[in-house]
Amino acid sequence: MTKLILHYAPDNASLIIRLALDHLNLPFETVLVDRASAAQRDPAYLTINPNGLIPTLITPDGAIFETTAILLWLEGRFGGLMPTGDTTRTSALKWLIWIGNTLHPSQRMMFYPDTYTDGDIEDLRAPTRRRIARLLTLLSDAKDADWLEAAPSAPSFYLAPLLRWCAIYGGDHWFDLADYPRLFAFAQRMEQTEPAFRAMRTEGLGAHPFTAPKPPNPPEGSAV
Ligand SMILES: N[C@@H](CCC(=O)N[C@@H](CS)C(=O)NCC(=O)O)C(=O)O
């Protein structure tokens, strides 16, 4: 099989894919996308991801962009990323798409406000903060999100980094994971997994990457 190559930048959305690949124990190579020189917008990179976004995974079926698409491709090809019981699997699928379609885009508005407004950034960030808080409360209260307490699956690998980034980016003191005890407990479990330990080393994420995250100190490249 053609090898898997992850185009990544430390502590970017490629982290989600790295966690999933390591969870599956799949061999893969990495190619750094140099955020410092905006290499995600280089013509060569745009041929594999015309959105100019990270991650991209090179696979035997071609280059795949969009985090959720990559996770679903990995599940389809190798299995092991989604819970097995029918009900849990359906619920995990629903929440996986929700994370990719609803939570992550709201975060992008928080983290890349210039992309979404020509006006005052705070005018965008204030309602976006409230929206993210509503979304996290909704997930926290969800009766059908039992994947949060189960063995890690695709939505877990997606959610844990998003919780991390809320704490690090988008301005000071707007987010405290302790306000969501169920999600805090989830984050605690996630940072005790082997894929998280590996990512702490490969991406310089620190000892508590999900419950008490600090800006990364990666061996190569930069997060922004
Ligand atoms: N919808 C995309 C979002 C990916 C995304 O937001 N990537 C960020 C890094 S975390 C990025 O490439 N930022 C660089 C930029 O916006 O120029 C996906 O799921 O892959």
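Biologist: Which element gives the most to the lining of the second largest pocket?

Modeller: Helix H7 does, with three residues. This is a predicted model, so please keep that in mind throughout our chat. H7 spans residues 154–168.

Biologist: What makes a residue part of that lining, and which ones lie nearest the centre of the second largest pocket?

Modeller: A lining residue must have an atom within 4 Å of a pocket point. By that test, 16 residues line the second largest pocket, and Cys166, Ala167, Ile168, Phe175 and Asp176 lie nearest its centre. The volume of this pocket is about 210 Å³.

Biologist: How do the residues of this lining divide into nonpolar, polar and charged?

Modeller: There are 11 nonpolar, three polar and two charged residues. Asp counts as charged, so Asp176, one of the residues nearest the centre, belongs with the charged ones.

Biologist: Where does Asp176 lie, and why is it called partly exposed?

Modeller: Asp176 is in the loop between H7 and H8. Its relative accessible area is 42%. Buried would need a value under 20% and exposed a value over 50%, so Asp176 falls in between and is called partly exposed.

Biologist: Let's move on to the largest pocket. How much space does it hold?

Modeller: About 670 Å³. It is lined by 30 residues, and those closest to its centre are Leu53, Ile54, His104, Arg108 and Tyr112. Helices H3 (67–78), H4 (86–111) and H7 each give two or more residues to the lining. H4 gives the most, with seven.

Biologist: What makes up the lining of the largest pocket, in terms of nonpolar, polar and charged residues?

Modeller: It has 13 nonpolar, 12 polar and five charged residues. Of those closest to the centre, Leu53 and Ile54 are examples; Leu and Ile both count as nonpolar.

Biologist: Which residues touch the most other members of the largest nonpolar core?

Modeller: Leu21, Leu71, Leu74, Leu139, Trp147, Leu159 and Leu183 do, in a core of 59 residues. H7 gives the most to this core, with nine residues. In soluble globular proteins, nonpolar side chains tend to be buried together.

Biologist: What does Leu71 touch, leaving out residues up to four places away in sequence?

Modeller: Leu71 touches Ile16, Ile17, Ala20, Leu81, Leu96, Ala154 and Tyr158. There is also a second, separate core of five residues, including Ala9, Val33, Ala39 and Tyr45.

Biologist: What makes you call helix H1 mostly covered?

Modeller: Nine of its 10 residues are buried. Among them are Ile16, Ile17 and Ala20, which are also contacts of Leu71. What covers the buried residues of H1 includes S1, S2, S3, H3, H7 and H9.

Biologist: Which loops hold Asp11 and Asn25?

Modeller: Asp11 is in the loop between S1 and H1, and Asn25 is in the loop between H1 and S2. Neither is a glycine, yet Asp11 has a positive phi of about 60 degrees and Asn25 has one of about 55 degrees.

Biologist: Are Asp11 and Asn25 buried or exposed, and how do you know?

Modeller: Asp11 has a relative accessible area of 3%. That is under 20%, so Asp11 is buried. Asn25 has 55%, which is over 50%, so Asn25 is exposed.

Note on methods
Residues are numbered from 1 along each chain as its sequence is written. This is a predicted model: local features need pLDDT of at least 70, side-chain atom pairs count only at pLDDT 80 or more; totals for chains, interfaces and linings use all residues. Side-chain values use heavy atoms; hydrogens and water are left out. On a 1 Å grid over the protein atoms alone, a cavity is a set of points where a 1.4 Å probe fits but cannot get out, and a pocket is an open set with protein on both sides within 12 Å along at least five of seven lines; lining residues have an atom within 4 Å of a point. Grid points are joined across faces, edges and corners, and a volume is the space filled by probe spheres set on the points. Helices (H or I, at least four residues) and strands (E, at least two) are DSSP runs, numbered from the N terminus. A nonpolar core is a set of buried Ala, Val, Leu, Ile, Met, Phe, Trp, Tyr and Cys residues joined through side-chain atoms within 4.5 Å. Buried means under 20% relative accessible area, exposed over 50%, partly exposed in between (1.4 Å probe, protein chains only). Contact means heavy atoms within 4.5 Å.
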